[in-house]
Every structure is written in C-alpha cells, then in structure tokens.
Amino acid sequence: GTVDFDEGIILFSSIGMSTTQREWGKFVETITVERTDLNPRVKFFAGASGGMTIEDMDATPDVFWTAYSAALVTAGYTMSQVRVMWLQVGYDAQPAGTFSVWVTQAVTDITNVIKQIYVNCPNCKLVYCSSRVYSGYGTDANRTEPYGYWNGWAIREVISTQLLGDPDLAFNSDLTATVVAPWLSWASYNW
C-alpha cells in the first residue's frame with residue numbers, strides 16, 4: 001500500500017514477544033467488537049512474534065525487522081503505513097548487575113528499539129509502551145523476577161527522558177531540528 005495521509009489507512013501495529021502477541025489478539029478482538037464508532041481507516045496488524053526480544057529489535061537490518069516487513073507486505077501493508085505502535089519487550093539474556101545497572105542498560109536498549117521503529121517505520125508518530133508481564137512463576141532464569149518489575153522502571157525512564165527533551169529521543173521538529181523517534185506514551189502496566 002501507498003501512503004495517503006488524507007484518505008489512507010491508519011495502521012496500528014504491535015511489536016514484541018509472545019506475551020505481546022497474545023495480549024494484542026485480545027485487544028484487537030475487544031476493541032473491534034466493543035467500539036462501534038471506531039474510525040474505519042484504522043487497521044490493526046499483529047507484528048509481535050514469539051521469541052522476539054530486545055536483542056532482536058535494536059539494530060537494522062536484523063531478523064526481526066526483515067520478518068516484520070515481510071509480514072506487513074503479505075498482509076497488504078508497508079512499513080510506511082505504520083502510524084501507531086504498541087511496544088512490549090523483554091530480554092532473552094538478562095544484562096548483569098544490580099537494579100540501577102540493569103535499568104540503565106535496558107533504557108539504552110529500549111531507546112535503540114524505539115529509534116529503530118522510527119528508522120523502519122518513518123511515519124510512525126506514536127508508540128504506546130508497556131512493561132513486560134509479571135514473570136515470578138517462570139522457570140527460565142532469564143525470564144523470572146525481578147526482571148519484569150525492573151522492565152517497568154526502564155520504560156518509565158525512557159518516557160521521562162523523552163519528556164525532559166533528550167535529543168536522543170526527539171519527536172517534535174518544533175522543539176528540535178532532527179526528529180529521531182515517535183512520541184512515547186504509557187500503555188498498560190502489566191507487572
């Protein structure tokens with residue numbers, strides 16, 4: 001599809017891991033049934049994929065963005081048509097360290113993912129960010145607590161950093177010469 005800002009679709013996509021994939025399906029099912037006043041130009045795309053982590057999304061080109069682009073094309077869309085995203089990510093291998101060291105690394109990695117969203121989907125204007133789900137019952141050491149909880153702090157820091165005007169997450173050309181990221185907002189807090 002081609003981009004048409006006046007009459008074209010408004011593509012709302014998810015990206016993230018398997019829990020994002022499951023939650024997105026329920027969200028789309030609920031909103032399309034309950035909201036009879038939904039703008040008909042809004043279309044939903046399930047871009048989240050099981051096993052995809054921060055490590056898979058923070059560079060271009062890589063496995064995630066190649067697969068994401070191919071899936072969009074198969075569904076009849078392009079990367080340029082993505083206007084809104086919902087992001088929920090976690091690690092495959094947790095960074096080592098204390099709370100502050102872990103959060104600092106996660107902020108860097110999540111910032112890189114957000115910048116890749118803008119590089120790959122240049123018309124994306126808004127990213128809703130969720131923390132990963134509670135993982136206290138997990139058996140995999142890389143997917144247990146406190147990492148789900150710490151992820152919420154990292155998401156908070158990324159959004160706060162943008163709101164404080166960090167040029168590394170600049171979203172508004174009126175405020176800075178170079179836009180490098182979509183505007184960030186909280187979505188659900190899942191921990």
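## Close-up views of a predicted model

**View 1. Surroundings of Phe44 in the predicted model.** Leaving out residues up to four places away in sequence, Phe44 touches Leu11, Phe12, Trp24, Phe27, Val28, Ile31, Thr32 and Leu38. The residue belongs to strand S2, which covers residues 42–45.

**View 2. Ser13 in strand S1.** Strand S1 spans residues 10–16 and contains Ser13. Ser13 has a relative accessibility of 0% and therefore counts as buried. Apart from neighbours within four places in sequence, the residues in contact with Ser13 are Trp24, Phe45, Gly47, Tyr68, Val82, Val84, Met85 and Trp86. Ser160 is 147 residues from Ser13 in sequence, with 23 Å between the two C-alpha atoms.

**View 3. Gln81 in the loop between H3 and S3.** Gln81 sits in the loop that runs between helix H3 (63–74) and strand S3 (82–88). With a relative accessible area of 8%, Gln81 is buried. Along the chain, Gln81 and Cys121 are 40 residues apart; their C-alpha atoms are separated by 7.5 Å.

**View 4. Helix H4 and its buried residues.** H4 consists of 22 residues. From its first C-alpha to its last, H4 reaches 31 Å, close to the 32 Å expected at 1.5 Å a residue. Its buried residues are Trp102, Val103, Ala106, Val107, Asp109, Ile110, Thr111, Val113, Ile114, Gln116, Ile117 and Asn120. An α-helix has 3.6 residues a turn, so residues three or four places apart point the same way.

View 5. H5 runs over residues 147–163, and at 1.5 Å a residue its 17 residues should span 24 Å. The end C-alpha atoms of H5 are 24 Å apart, in agreement with that expectation. Buried positions in H5 are Tyr147, Gly148, Trp150, Asn151, Gly152, Ala154, Ile155, Val158, Ile159, Thr161 and Gln162. These buried residues pack against helix H4 (99–120), strand S4 (126–130) and strand S5 (183–186). Just after H5, Gly165 adopts a positive phi of about 90 degrees.

**View 6. Packing of H4 with H5.** Two packed helices are described by the angle between their axes and the distance between the axes. For H4 and H5 the angle is about 60 degrees, and the axes are 8 Å apart. The two helices are therefore oblique to each other. H4 passes H5 in a right-handed crossing. On the H4 side, the contact is made by Phe99, Trp102, Val103, Ala106, Val107, Ile110, Thr111 and Ile114. H5 contributes Tyr147, Trp150, Asn151, Trp153, Ala154, Ile155, Glu157 and Val158. By type, the contact residues of H4 and H5 comprise 13 nonpolar, 2 polar and 1 charged.

**View 7. Trp150 of helix H5.** Trp150 is placed in helix H5 and takes part in the contact with H4. Its relative accessibility of 14% means that Trp150 counts as buried. Not counting residues up to four places away in sequence, Trp150 touches Gly97, Thr98, Phe99, Trp102 and Val103. Among these, Phe99, Trp102 and Val103 are listed on the H4 side of the contact between the helices. Glu34 is 116 residues from Trp150 along the chain, and the C-alpha atoms of the pair are separated by 33 Å.

**View 8. Gln162 of helix H5.** Gln162 is likewise found in helix H5. At 3% relative accessibility, Gln162 counts as buried. With residues up to four places away in sequence set aside, Gln162 touches Leu169, Phe171, Ala181, Pro182, Trp183 and Leu184. Strand S5, against which the buried residues of H5 pack, covers residues 183–186.

How values were computed. Residues are numbered from 1 along each chain as its sequence is written. This is a predicted model: local features need pLDDT of at least 70, side-chain atom pairs count only at pLDDT 80 or more; totals for chains, interfaces and linings use all residues. Side-chain values use heavy atoms; hydrogens and water are left out. Helices (H or I, at least four residues) and strands (E, at least two) are DSSP runs, numbered from the N terminus. The expected span of a helix is 1.5 Å times one less than its number of residues. Buried means under 20% relative accessible area, exposed over 50%, partly exposed in between (1.4 Å probe, protein chains only). Contact means heavy atoms within 4.5 Å. Axes are lines fitted to C-alpha atoms, for helices over the stretch in contact, and angles run from 0 to 180 degrees between N-to-C directions. Angles under 35 degrees count as roughly parallel, over 145 as roughly antiparallel, 65 to 115 as roughly perpendicular and the rest as oblique. A crossing is left-handed if the near helix is turned anticlockwise from the far one by less than a right angle, and right-handed if clockwise. Ala, Val, Leu, Ile, Met, Phe, Trp, Tyr, Cys and Pro count as nonpolar, Asp, Glu, Lys and Arg as charged, and the others, Gly among them, as polar.
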